[in-house]
Amino acid sequence: SNEIIVISSPGDRLLIQPIIDELFDKSIHTPQKEYLFKLIYKNTWEFIDYKYYKNIIIASINFPEDSTGDVLYQKFKKIYKQNSKLFQLNDLYAKNQKITIMNGLDSIEFYKILNENKNWLIKENDLFFENDLNNYVFKNGENIALSDSIFDLLGVSLRLQIDFKIIRVDTLSSFVWVGRGYPYRWITLNKSNNYNIKSHEDYWNQYIEELKNNMPSVIITNHYRLIKKDKDNNAIIMRGIYEHDESNSGGPFVVYIFDTKDSNEVILISGFVNHPGHDKMLLLKELEIMAQTL
């Protein structure tokens with residue numbers, strides 16, 4: 001879901017790869033640094049072998065001249081009657097496919113074009129990635145019975161993958177812990193008093209206190225803590241690294257904090273991933289897809 005095939009000539013790649021890498025530099029520590037998008041660079045003459053991939057960028061610059069990248073760009077421009085140096089084609093060779101065509105006179109103009117359209121390009125790729133991942137997360141169905149049980153306990157619920165099971169429930173503290181096996185993923189839901197949160201530090205302190213009561217074996221470290229307001233989902237998002245005493249391991253976690261109609265109460269949805277020695281970015285994003293269905 002997060003692979004982008006970048007097609008260019010070898011000569012052009014030397015000049016434009018740093019520009020494209022900078023555009024897609026969004027990353028999360030899991031705790032190793034993982035980039036949201038995996039850029040896979042291929043030569044122009046290899047395009048036919050990759051033309052059915054979901055997300056493709058065809059990138060070229062006119063100077064220095066070459067007989068591969070420039071020709072491929074001109075063919076797309078002519079066949080699809082495009083005058084722009086940056087355009088997209090959808091579902092050209094496969095369903096749910098996006099091909100982005102980029103061209104510049106030289107590396108300076110190429111950088112200028114991408115910089116001017118940076119926000120649009122990032123938003124397009126984020127949306128394309130999330131829609132594709134959303135389809136993948138629920139492709140085998142949902143555990144509707146578990147979602148209904150959570151609703152009966154908390155009055156709120158969310159869509160869950162079909163293989164998620166209940167791990168622990170505490171009705172007194174309005175806390176539910178669900179998860180699935182290897183690679184291990186957990187989701188917790190709980191209601192909490194809003195108190196008088198005035199700063200980012202207040203959010204962290206309150207969350208750590210919640211965990212002490214509900215998941216005492218989970219310890220939030222000071223490493224790579226991030227907190228931001230997510231306007232798209234109207235939530236506060238917190239990220240970081242946790243340690244789990246019982247398994248002597250840990251990994252990345254994310255917390256979505258949603259306001260409720262009751263101004264003194266919030267809903268916290270936490271996602272934890274444990275998969276030592278492997279990439280964890282996509283697993284964490286899958287949990288976020290489910291958290292966003294509250």
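In strand β15, Leu-268 is the bridge partner of Ile-257. Strands here (E, at least two residues) and helices (H or I, at least four residues) are DSSP runs, numbered from the N terminus. What we have before us is a predicted model, in which local features need pLDDT of at least 70 and side-chain atom pairs count only at pLDDT 80 or more, while totals for chains, interfaces and linings use all residues. Residues are numbered from 1 along each chain as its sequence is written, and side-chain values use heavy atoms, with hydrogens and water left out.

Let me stay with that pair of strands for a moment. Strand β14 (residues 249–259) and strand β15 (residues 265–274) run antiparallel and are joined by seven bridges. Two strands are said to pair if DSSP finds at least two bridges between them. Strand β14 also pairs in the antiparallel sense with strand β13 (residues 235–244), over ten bridges. There, Ile-241 has Pro-252 of β14 as its bridge partner. The hairpin of β13 and β14 leaves four residues between the strands, and Asn-248 in the turn has a positive phi of about 55°. Is β14 mostly covered or mostly open? It is mostly covered, since nine of the eleven residues in β14 are buried. Buried means under 20% relative accessible area, exposed means over 50%, and partly exposed lies in between (1.4 Å probe, protein chains only).

Now to the chain as a whole. Its secondary structure comes to eight helices and 15 strands. The C-alpha atoms fill a box of roughly 70 × 40 × 40 Å, taken along the principal axes. Of the 294 residues in the chain, 48% are buried. Among contacts with a separation of 6 or more, 56% are between residues 24 or more positions apart; contact means heavy atoms within 4.5 Å.

I turn next to the interior. In soluble globular proteins, nonpolar side chains tend to be buried together. A nonpolar core is a set of buried Ala, Val, Leu, Ile, Met, Phe, Trp, Tyr and Cys residues joined through side-chain atoms within 4.5 Å. Which members of the largest core touch the most other members? Of its 49 residues, these are Ile-20, Phe-110, Leu-160, Ile-187 and Met-290. Helix α8 (residues 281–291) supplies the largest share of this core, seven residues. Apart from it lies another core, of 20 residues, including Trp-177, Tyr-207, Leu-211 and Ile-236. Not counting residues up to four places away in sequence, Ile-187 touches residues that include Leu-160, Phe-164, Val-176, Ile-269 and Met-290.

Leaving aside neighbours within four places in sequence, Leu-121 is in contact with Leu-23, Leu-86, Thr-100, Met-102 and Leu-114.

The surface provides a contrast. Val-169, in strand β8 (residues 165–170), is partly exposed, with a relative accessible area of 35%. Strand β8 pairs with strand β9 (residues 175–180) in the antiparallel sense over five bridges, and Val-169 stands opposite Val-176 in β9. In this hairpin, which has four residues between the strands, Ser-174 takes a positive phi near 50°.

Finally, the charged pairs. How many salt bridges does a search of the whole structure find? The search finds eleven, a salt bridge being a side-chain nitrogen of Lys or Arg within 4 Å of a carboxyl oxygen of Asp or Glu. One of them joins Lys-54 to Asp-132, with the closest N and O atoms 2.9 Å apart. Lys-54 lies in the loop between α2 (47–50) and β5 (55–61) and Asp-132 in helix α5, so the pair ties together parts that are 78 residues apart in sequence. Lys-54 is partly exposed, at 41% relative accessible area, whereas Asp-132 is buried, at 12%.

A further salt bridge joins the side chains of Lys-85 and Glu-109 (2.8 Å, N to O). This pair links distant parts of the chain, with Lys-85 in the loop between α3 (69–79) and β6 (86–90) and Glu-109 in helix α4 (residues 107–116), 24 residues apart.

In helix α8, Glu-288 and Lys-285 lie three residues apart, about one turn of the helix. They form a salt bridge whose closest N and O atoms are 3.9 Å apart, and both residues are buried. Salt bridges that share partners join Arg-239, Lys-285 and Glu-288 into one network.
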